Amino acid sequence: MNRDVLYREMVPGDYSNLLKLVIDTWRYNEWVTENLVAPLAEKFMVETLLNSSQRIVATYDGNLIGVLAAETAIEDQFSILCKCKEIDALLKLTENDTGDTTILHQYLKTKRLNLDMLESRYECYQGLISLLIVKDGYKGFGIGSKLFGMANDYFHDNNVSRFYLFTDSASNVRFYESKGMRRVREISYKWDENDVLSIEEYYMYEGFTLE
């Protein structure tokens, strides 16, 4: 099947299918109130794509089955500090006077956790894989490997030697490890203080561009 998969740059016509893929991949319908599913998923997706300098989709028989988003940017300590301050400000703006929080507030907390992991590394990264998804039913055919390889080639062409990504315990982290990436940080977050099963592990992986 892999010979029939088309890899190309994203176009505006992909938008609605991309949003559905993001919602299905992270099962937003299972943990977000119905009327907030699309807005929260869209917030994540749009922010990711706007920051990305490489945006690739994989299609098969006209159906969108995979996506890659990557960016080249030097993550020095000052830029990380600014990102942390921005999230801190948004956290204050999304918390009401009683201390109650919204789903957006919780989402922002997970972004802050990611930045905490990045900040603690004291490393200078030049690249980030911000999104890599293969649709259920199409995994195991080398599509994820092809997309990962395209990110590596993009980094190589743009003189990126070290890159990173964030992932979590709900994702297939062994895939990244099979590509030579290593886990350098991890942190836990409890989405619901009254539910011990709501704990999720967040990870940071780093990799080096291959020739």
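The mean pLDDT of the chain, where pLDDT is the predictor's confidence in each residue from 0 to 100, is 91, and 94% of the residues reach 70 or more. This is a predicted model, in which local features need pLDDT of at least 70 and side-chain atom pairs count only at pLDDT 80 or more, while totals for chains, interfaces and linings use all residues. Residues are numbered from 1 along each chain as its sequence is written, and side-chain values use heavy atoms, with hydrogens and water left out.

Helices (H or I, at least four residues) and strands (E, at least two) are DSSP runs, numbered from the N terminus. Seven strands form an open sheet with mixed pairing, in the order E1-E2-E3-E4-E5-E7-E6, where two strands pair if DSSP finds at least two bridges between them. Strand E1 (6–9) and strand E6 (182–190) each have a single partner strand and stand at the edges, so one side of each is left without a neighbour in the sheet. E1 and E2 pair in the antiparallel sense over four bridges, and arginine 8 has valine 57 in E2 as its bridge partner.

Turning to the helices, H3 (residues 34–51) and H5 (residues 103–119) pack at an angle of about 30°, with their axes 11 Å apart; axes are lines fitted to C-alpha atoms, for helices over the stretch in contact, and angles run from 0 to 180 degrees between N-to-C directions. H3 and H5 are therefore roughly parallel to each other, a term for angles under 35 degrees.

How values were computed. Parallel < 35°, antiparallel > 145°, perpendicular 65-115°, else oblique.
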